Every structure is written in structure tokens, then in C-alpha cells.
Amino acid sequence: MTAQPSAPPPSGRTRGHLGRRVLGSGAGIALACLLATRFAPALPAAAAEQAAVCDIRCDAQDPATATSDRTPVTTTLYGRTVSLHLSDNDVMGWASIDGGQAGDEVWLDRSFDGGKSWSSGSRLGATKIPSGSTAWRSQMYNVDDWNNAGVGALRACARAGDRAEIACTGWARNNRNAGTRSTAAATALMMLYDRDTGLFESNGWWTSANALTAVIDNSRISGLGSYKYAIARTYDKNIDAQGGDFTNEYLDDTGWWGLAWIAAYDATGDSRYLNTARADADHMHDYWTTGQCGGGVLWNQNKTYKNAITNELYLQLTAALHNRVKGDTTYLQRAEDEWAWFQKSGMINSSHLINDGLDDNCANNGQQTWTYNQGVILGGLAELHRATGDNALLTTARQLADASTGAQALNPDGILREPGESDACGGDGPSFKGAYVRGLGKLDVALAGHPYSAYLDRQAAAAGSKDVDPLGMYGPHWNGPRTTVASGHGCQHSALDLLNAAQAD
């Protein structure tokens with residue numbers, strides 16, 4: 001696996017306490033903690049054989065040398081208190097147990113996929129409370145493996161010596177690259193980045209395009225550049241996948257990737273990303289047909305269905321290309337043709353919400369008004385206004401945005417909720433809200449007075465108080481209740497899109 005070229009900047013981290021010795025969490029374990037490294041028994045063979053991770057310091061350090069101590073999560077086990085300690089300055093952590101007895105075990109688990117698995121980092125620093133003590137702690141281990149496995153997390157685990165049950169804290173990590181709520185969400189999303197495939201967890205295709213876009217947007221808005229390496233890595237590993245140039249038979253998939261490469265070009269200035277975005281737009285144009293419904297891009301190159309999202313993506317992508325390709329006239333004409341067709345297509349209903357697509361008779365099919373259909377159009381109109389200066393485009397965009405932000409069905413209790421929203425974060429649906437707020441945010445930036453900033457701030461405040469865990473992972477319901485999810489990156493990138501949009505106004 002290719003090593004990352006440099007360590008991430010120490011966002012949210014200070015060095016103000018260098019040299020200070022931290023003895024643990026409470027006087028009851030101070031003496032035991034001081035002696036932990038000196039008298040701790042040898043590690044089990046499996047743990048000892050694991051390759052040491054090195055960052056600022058290497059694994060298996062004495063916590064007495066830690067330069068800071070924070071306890072984000074704890075749990076209990078038969079009267080014992082099990083705690084995870086983090087030294088943010090060292091980017092390391094250790095486990096402790098208090099109120100126990102001789103023979104009780106304590107250790108760390110380390111995960112590089114957001115706590116989904118930890119087989120390569122289990123039972124780090126495993127040790128037992130010695131005779132005569134009631135408290136103990138493990139050695140100190142790194143949270144991240146920057147050069148190999150990526151962004152990590154720790155938890156503390158313990159077992160009472162006279163019982164079989166194991167108790168573990170929740171997962172948490174240090175505050176590197178997590179100085180704000182949005183950068184913490186970006187770091188949590190990067191825990192789900194598969195460095196082998198260059199995609200995000202479960203290797204979702206179009207959803208990975210959205211996740212990468214959210215990470216790139218966060219880099220631009222926050223100034224955090226630690227995860228820009230994912231741009232080239234994703235590109236290099238997938239440029240020849242499926243149809244090549246990030247195309248496949250689904251034209252909306254192609255549109256999502258085209259917009260991701262627009263964001264990559266804006267972030268890096270690398271022309272290969274702009275060229276790929278052009279190839280994606282050209283591929284979509286190949287499936288603009290006038291024989292059915294008088295125009296519009298097909299949803300799938302082998303089907304006749306014309307839907308909203310594909311054509312909204314085509315509008316935004318072609319307008320964005322005109323704004324970046326010097327001397328262009330072709331993409332501007334395509335964008336204007338798309339909007340002229342779309343606004344007369346009938347997909348915008350009498351409530352100024354956009355249904356899913358057109359039926360066989362080229363009429364609005366009345367299917368669900370998914371949130372992403374209400375949002376991508378806003379980003380497209382903002383780009384087209386930038387290209388043309390036509391203020392009527394912003395007037396129409398505001399009419400659509402007012403309808404979607406004010407729709408009770410989409411905003412019960414004032415907080416955005418996807419129609420039929422489930423407790424899952426895998427599949428397509430969990431990505432929809434992210435695309436919505438991303439488009440709304442682009443429109444808000446383009447408008448004087450930022451009229452939707454209060455709406456975006458309200459969504460972000462709800463998600464930040466009701467839908468996030470100590471690791472910075474978000475669930476599907478921004479207004480709660482918080483749901484523990486087993487897999488999927490859609491919820492996380494959607495939350496990051498939200499925090500990006502709220503921060504950008």
C-alpha cells in the first residue's frame with residue numbers, strides 16, 4: 001500500500017503542555033498508573049507480533065509521559081470503571097480500569113474503519129491488575145496509522161478476572177483534524193475511506209463520488225488539506241473502472257462523478273480532472289434524445305426513462321464546465337438547452353417541488369419528491385447564473401428553494417427528513433439529503449444576504465446535538481433519535497455536506 005506523503009497538519013491540537021506528566025484519571029489509580037509500564041506483564045503473542053505504528057511517537061509508550069489527558073468515553077463492568085484516555089498532543093491513547101481486583105484485564109482495541117472491525121488492532125497493551133492493586137492501565141498506542149491503514153479510533157476494553165464477560169467503551173479519537181464540527185465529520189468520513197479501492201465503505205459507486213465531493217468541499221471551506229491525497233488516489237484507482245473516465249450506463253452516476261472532478265479541479269488546478277469532467281458531460285450528452293419528450297438526458301443508456309436528477313446533474317455539470325473552460329460556447333449552449341427543456345418538462349409540480357421524473361406519456365409521474373431532486377437544481381441554476389448573469393435564474397431558484405425549505409412533509413418540526421427515511425446508512429437514500437443541502441448552500445452563497453443560512457444553521461445545530469456520537473459519526477436522523485448504524489457512508493457524507501453548507505455562508 002502506498003504510504004501517505006506527509007502527516008496531516010495538527011488541526012485542533014496544541015503543544016502547550018509538552019513535558020507535563022499526566023498520571024491518570026483520579027488519585028485512586030495514580031500509584032498503579034505510575035508503575036504500569038514497569039511491572040506490566042508481557043503482551044500476548046498475537047499482540048506482540050503486530051507491527052508497531054509510529055506517528056509523533058511509536059506504539060507502546062508509558063502513559064506517564066503523555067502530554068495531555070482527556071477521557072471521552074467510559075463504561076462499567078461489575079462495579080469497575082473502564083476508561084479510554086486520549087493524549088491529543090501525542091495523538092495516542094490508553095485504557096484504564098478502576099475499582100477492580102487482581103487478575104482483571106484491560107486493553108485497547110484499534111480500528112481503521114470507524115469501529116466496524118478491529119482484528120488488526122485488538123488487545124493492544126493487554127495487561128492485568130497485579131496483586132495488591134485495584135486499578136491499572138495499558139500502555140499508550142497511536143490512534144492513526146497515517147502511512148498505512150489511515151484514520152483510526154480507539155476503545156478501552158476490560159474483563160473481570162473471575163468472569164467471562166467483556167465490556168468496552170464507545171469508540172473515540174484524538175482531536176487531530178477535528179478542530180471544528182465540520183472537520184471532525186470529515187475525519188470520521190475518512191475512517192470509511194478504503195485506501196485499497198479508492199472508494200468509500202461498501203465501495204458504493206455514485207455515493208463515493210458524493211463522499212469525495214464532501215471531503216473536497218470541506219478542505220476548501222475549512223482550510224484543512226490533510227485528506228486531499230484521496231483525490232488523486234480515487235482517480236488513479238478508478239479511472240479505468242466500469243466504462244472508463246467514471247462513466248457507466250447510468251447517466252446520473254456519470255453526472256455525480258463529473259461534479260466530483262469539477263470540485264477536484266477547483267481544489268488542485270490539475271487539468272486531468274477538468275478533462276475527465278468534460279468526458280463525463282460529453283458521455284451524458286450522447287444520451288440527450290429529442291425523440292422522447294422533446295429532449296433531456298436518459299436516466300440509463302439502455303432505457304427510455306427520463307428523470308429529474310439526471311437532468312439536474314447535466315445542467316449543473318455543463319454550466320460548471322462553461323465557467324471553467326476558457327472560450328467555451330458548447331457547454332453553455334448545452335446548459336441553456338437543458339434548462340429550457342427542464343422548466344417546461346412538467347417535472348416541477350404546482351407546489352414548486354420536483355417529482356422523480358416523467359411517465360411514458362411525458363407527463364409528471366407523480367413519484368416521490370426526493371430531497372436531492374429539490375437541491376441539485378439549485379446548484380445548477382446558481383452555476384448557470386454565474387455563466388449568464390441572468391437574474392431570472394436566481395428568482396426561479398429562490399422560488400424552488402422556498403418551496404422545499406418550507407414544505408412540512410420534507411421538514412417535520414423544521415428539520416429536513418427524507419421521505420420514508422430509514423434507520424440505515426447504506427444504499428442510495430442516505431445520500432439524498434447531503435445533495436440537497438449542498439445545492440441549497442451553493443445557491444445561498446450566490447444570493448445577497450444569504451437567505452437560507454438560518455435554515456442551514458438550524459439543521460446543523462439539530463444534527464450536532466441529536467445525531468452524532470463521540471467519534472463524530474452521524475446517523476440518518478438529523479433531528480434524532482441517534483441510531484447506531486452497522487455500515488454505509490451516506491449518512492456521514494450527508495452530515496458533512498450539511499456542516500460544509502452551514503459553514504460556507
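**Contacts along the chain.** I looked at contacts between residues at least 6 apart in sequence, and 67% of them join residues at least 24 apart. I note that this is a predicted model.

**Confidence.** I checked the pLDDT next. The protein averages 90, and 90% of the residues score at least 70. I then asked which element has the lowest mean pLDDT. Helix 1, residues 30-39, has the lowest, at 29, while helix 8, residues 308-322, has the highest, at 99. Over residues 1-49 the pLDDT stays under 50. I found that the model has 97 contacts beyond four places in sequence for residues 1-49.

**Elements.** I looked up the helices and strands. The protein has 14 helices and eleven strands.

**Burial and surface.** I noted that the protein has 505 residues, and buried residues make up 56% of them. The accessible surface comes to about 18,800 Å². Carbon and sulfur atoms account for 49% of that surface.

**Cores.** I went on to the largest nonpolar core, which holds 105 residues. Which of its residues touch the most other members? I listed M190, W256, W257, W261, L321 and I377.

How values were computed. Residues numbered from 1 in each chain as written. Predicted model: local features only at pLDDT ≥ 70, side-chain atom pairs only at ≥ 80, totals over all residues. Heavy atoms only, no water. pLDDT = per-residue confidence, 0-100. Helix = DSSP H or I, 4+ residues; strand = E, 2+ residues; numbered from the N terminus. Contact = heavy atoms within 4.5 Å. Core = buried A, V, L, I, M, F, W, Y, C linked by side-chain atoms within 4.5 Å. Buried < 20%, exposed > 50% of the residue type's maximum accessible area, 1.4 Å probe, protein only. Areas by Shrake-Rupley, 256 points an atom, 1.4 Å probe, with all protein chains shown as cover.
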